[in-house]
Protein chains: 2
Amino acid sequence: LPSMQTSGSKPCPCPSFKLREVASMYFTMIAVFLVILVVALQGSVPRRSDFPYKVPLDPQGLLELSWNVSYPEQAVHFQLLVRDLQFGLLFGMSDRGEFENADLAVLWSDGHNSYFGDAWSDAKGQLHMDLQQDYQLLGARRAPEGLYLLFRRAFSTCDPKDYLIEDGTVHLIYGILEKPVHSLQAINISAIHRGLQRVQLLKPNITVPELPSDMKTMEITAPDVVIPSQETTYWCYMAELPDGFPKHHIIMYEPVITAGNEALVHHMEVFQCAAEFDTFPHYNGPCDSKMKPDRLNYCRHVLAAWAMGAQAFYYPEEAGLAFGGPGSSRYLRLEVHYHNPLVLKGRHDSSGIRLYYTATLRRYDAGIMELGLVYTPVMAIPPGEDAFILTGYCTDKCTRLALPAAGIHIFASQLHTHLAGRKVVTVLSRDGRERQVVNADGHYSPHFQEIRMLKEVVAVFPGDELITTCTYNTEDRSQATVGGFGILEEMCVNYVHYYPQTQLELCKSAVDPGYLHRYFNLVNRFNDEEVCMCPQVSVPQQFFSIPWNTFNRDVLKSLYGFAPISMHCNKSSAIRFPGEWEKQPLPVTTERLREPVPRCPPAPGARPATPVPLNLGQLRRD
Amino acid sequence: LPSMQTSGSKPCPCPSFKLREVASMYFTMIAVFLVILVVALQGSVPRRSDFPYKVPLDPQGLLELSWNVSYPEQAVHFQLLVRDLQFGLLFGMSDRGEFENADLAVLWSDGHNSYFGDAWSDAKGQLHMDLQQDYQLLGARRAPEGLYLLFRRAFSTCDPKDYLIEDGTVHLIYGILEKPVHSLQAINISAIHRGLQRVQLLKPNITVPELPSDMKTMEITAPDVVIPSQETTYWCYMAELPDGFPKHHIIMYEPVITAGNEALVHHMEVFQCAAEFDTFPHYNGPCDSKMKPDRLNYCRHVLAAWAMGAQAFYYPEEAGLAFGGPGSSRYLRLEVHYHNPLVLKGRHDSSGIRLYYTATLRRYDAGIMELGLVYTPVMAIPPGEDAFILTGYCTDKCTRLALPAAGIHIFASQLHTHLAGRKVVTVLSRDGRERQVVNADGHYSPHFQEIRMLKEVVAVFPGDELITTCTYNTEDRSQATVGGFGILEEMCVNYVHYYPQTQLELCKSAVDPGYLHRYFNLVNRFNDEEVCMCPQVSVPQQFFSIPWNTFNRDVLKSLYGFAPISMHCNKSSAIRFPGEWEKQPLPVTTERLREPVPRCPPAPGARPATPVPLNLGQLRRD
């Protein structure tokens, strides 16, 4: 059980407190009382097994975070294992992993005494004690493997200095104090060993469906790869289903990580290859190697995907993902992203994904549908934008034609953009009124693209609209970013996983090219500039020649918010459903979903600003 | 002294409480305790003389509100006199005086017991008890003239159901309960006698300057007017300074209201006539009468202005407003706006303004400068807009030329728009960075245009920019609203009162007409519509012929945010300062002022949602 002693009853050797801390000493009596209270309450502190989610924070695995989520309490309980504690550490959250304007829990030691407090960093990275202490220390204990810190944080605190924990990606940040510090303010945040880790903190509270007795497993794992000594490697490995393998349902999958490589294996995906080709070559090597056979580019149908911090993925009880059998390829491609920033050498790895499948087919095949924007240069983002928004539509006309009367059920979603993506959200709209968020990530990172199970299954009926909005940052670019497949081009996609499977594989839109032409025309005349509009010049070239100013930028925004769209309402193999899909009216939204007002339950034991003294002994014993 | 008894110790006859109230009975014990506490605290309740501001709420004067403002506490104390209490009343605030989405304090009686509570109304006007009680009842007492209710409200409560009390106009609403009601929810807000009153609640905390011993007074008052029996009358009366009246400084003025007419006299202004004319005819009659001599239109230079709820106006110690002497007209025009919604007949009135002036001239003459937009149709608002923004600039180039090196000091401001105006704000910007709000009204009403003393005098130096932004609502209009003098045309003006007086009378802007022409051109081509652009057609006609859609609207916004401006940097008598003022670059703002984060001090005694029982006896005694 956790144990903790307070130093409250001992005379306190006074370190060099700054004014703010001195002022806060006033509250120390209360704080001490609360610490005693906390100790008394420790019977109710969650045990280690109560933290189902785990992620290493740093590439060496010195800091290991476990956590659980209490939706009734609207709070997260953290357990942070510090393997080689020196003079303290910082742990916190910020918009995109930066150390400025961050919300931090700090454990620091002056060499004699240790303190824990809720802090924040200003726009220059200077640390300040928070007036309202919302990281609540619940306990600390030493174990052979290191120090365990247990603390709690409400999703929302209504303290403007605090980070609001929302669904989607959370950028966790950490820092390690290697020297004693005499006060919080004395910590120079830019001089410490630090880093970031992305996780989905608010995991959905899914009831695990019952698993069939005839369930089998299959491991798609890399065969003893030596992880290249470079920061980023995408490793490709081709696997093969047995000849004549009949149709099965994948009903669950989970990661298989080689012990010790937890901090190196960043994400993994298993793709099924295209059925058009009878065979695919074997391959085991980097995905960007010149030696990689071109045909591997036809292995793009996602069967399973995992990213750091994710757990096992379960299909809903009624559905499974079909694989095997006639009409589907026997060939699978495993892709492993190794993230090796310390450039470690000679590490062997056999990580991969374990598929759980059954021959007793479930009631429904699951399907994957692509929502958002068509991959076309007509959708472009001007340079120098901090938050430019593009929207892709799946219209009522398409869902009316393609979805069964009983509707479909979306149970998982994978958001996708290229490097400029910062936020992605898909909203379900019915009769022009936004009804429900399908999936939203306000801190989306292109470097962290998980398949996420939804908190609630979303039912979509014929006539519904699915509107996907992506926000991009192009502040570091000097030319327009157009839509397309290239890594410096952009996408706006939500791959939704649903059942029962339908013929609709793709429901996406783009602006009508005729209206875009009028835009080039208009920009040309308005600015007295020579924007080449000759038909032989490509759309990207036309975008690249625009002299970007606020007017041309704003009018492009207005165009995208006004012009009719070209719909891609497609069956498999890129065949459109019959109907007129050009120059379709832009869906009109008459009622928006309200932003949720953060609830701010007074945190039990939320305290005025004062560091809590801890007696952990002398931290470093050398 | 206030006295109040609680009904807590008596058996409580139970009225038909709805579920919510039943649930809240749980807290009654606490509430009763608090009421007792309040009674015990009543020694510290402000005395009547502690409420310096007073305004009648209804046209009959049945409800009279007095208040004070505590900036250290960030709270307003209200004293509401109810002259003929029946079964209760509603008092509250809402965005623009509507009874939906309003924040209310309610006193209601079921015929036996009376209750007081903080409530809110939803979008349909249904009342609900507020979960957080932020109108804090401090006391209640009966007096011969009626019942006094004393209560307190923090500026900001951080309760999303509460109104945020800000600088500028506050729309107060009231309702009178003429029948017993058995619960808060039973009040039908649309069936009661109700109304609104606009006030500046957060009066600035001005130190009254020392007044000279040779100070004289002059009353400019209407000579026994019979108030016309119609809702709205603007009454005009010509007054005259004595022949040979030398230059004096007005250093203060205050309203003179005929007793009993406090609810009828809405606002009053004293204008000085133009010096070009030697004489002006006498006149005493409605301002819109056909009998009114045309020459009175040349009496437009504001000397003094008062509106309901305003107190005396003091010039700063260093300055006075010059009047009299050579070069200024002897003629003054008094304009009184009578607001008589009950169409009372035969009411006599001699209200007006008392000027306090001195022959001992102060160090500086005060001046008035006009900021905002030029009165020109090139600045237009599309129809159907809920919040369209237009911005007028006083550029660095103009202030560099016209202001003294030591700067000027703005101490008061009068915001002005026509009927579509909803918000007005002027911000001081230096080197592209917004520094200070000069004056802001987020609930501006064209029906309530006071000269307001600023909380802080604003120093403006050569090279500073003054940016005035107006927000308009044209949801009820089907055609564009263009700039101009007409009541259905619009203005965006801030008359700032400052010292020392300079030659700069007008510092305003409008979009460059050439760029507007390009806009008409662009709209024409983009929409394939026939917008007549023939040069013989006026700008308003061109605006009226635009087919308004989101694109044409958005592009107009973009135009106003991009196109160069034409500056009016004018001396008196409409003469521009020398220099090039056409096609000036739009000022660029690189750093905006942050929205202030509302402070939410925990209100002492803020209570969970429960009505406070009061024993006021049977309210109606008939």
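Modeller: Let's start with a pair of words. A residue is exposed when its relative accessible area is over 50%, and buried when that value is under 20%. Keep in mind that we are looking at a predicted model.

Biologist: Thanks! Then does Asn101(B) count as buried or exposed?

Modeller: Asn101(B) has 54% relative accessibility, so with the cut-off at over 50% it counts as exposed. Asn101(B) sits in the loop that runs between strand S4 (88-94) and strand S5 (103-109) of chain B. Look at its backbone too: phi is near 50°, a positive value in a residue other than glycine.

Biologist: What about Asp431(A): buried or exposed?

Modeller: Asp431(A) counts as exposed because its relative accessibility is 66%. You will find Asp431(A) in the loop between strand S30 (421-430) and strand S31 (433-441) of chain A. Asp431(A) is not a glycine, yet its phi is positive, at about 55°.

Biologist: And Ile546(A), buried or exposed?

Modeller: Ile546(A) is at 4% relative accessibility, so it counts as buried. Its place is the loop between helix H5 (539-544) and helix H6 (550-560) of chain A. Now compare sequence and space: Ala480(A) is 66 residues apart from Ile546(A) along the chain, and their C-alpha atoms are separated by 8.4 Å.

Biologist: How should I read a nonpolar core?

Modeller: The general idea is that in soluble globular proteins, nonpolar side chains tend to be buried together. In this model, the largest nonpolar core has 76 residues, and Trp67(A) and Leu80(A) touch the most other members. The element that gives the most to this core is strand S19 (residues 301-307) of chain A, with five residues.

Biologist: Which residues is Leu80(A) in contact with, leaving aside its neighbours within four places in sequence?

Modeller: Among them are Leu57(A), Leu63(A), Leu65(A), Leu89(A), Phe91(A) and Leu147(A). Glu64(A) is also one of the contacts of Leu80(A). Apart from this core lies another, of 75 residues, including Leu57(B), Tyr135(B), Ala222(B) and Leu264(B).

Biologist: Now the two chains. How many residues does the contact take from chain B and from chain A?

Modeller: Chain B gives 19 residues to the contact and chain A gives 19 residues.

Biologist: Which elements give two or more residues to the side of chain B that touches chain A?

Modeller: They are helix H4 (513-526) and helix H6 (550-560) of chain B. The residues of that side divide into 10 nonpolar, five polar and four charged.

Biologist: How many salt bridges are there between chain B and chain A?

Modeller: The count is zero. Two residue pairs are in polar contact across the interface, both at pLDDT 80 or more.

Key: Residues numbered from 1 in each chain as written. Chains lettered and ligands numbered in written order. Predicted model: local features only at pLDDT ≥ 70, side-chain atom pairs only at ≥ 80, totals over all residues. Heavy atoms only, no water. Helix = DSSP H or I, 4+ residues; strand = E, 2+ residues; numbered from the N terminus. Buried < 20%, exposed > 50% of the residue type's maximum accessible area, 1.4 Å probe, protein only. Contact = heavy atoms within 4.5 Å. Salt bridge = Lys/Arg side-chain N within 4 Å of Asp/Glu carboxyl O. Polar contact = N/O pair within 3.5 Å; in protein donor to acceptor, adjacent residues only side chain to side chain. Nonpolar A, V, L, I, M, F, W, Y, C, P; charged D, E, K, R; others polar. Core = buried A, V, L, I, M, F, W, Y, C linked by side-chain atoms within 4.5 Å.
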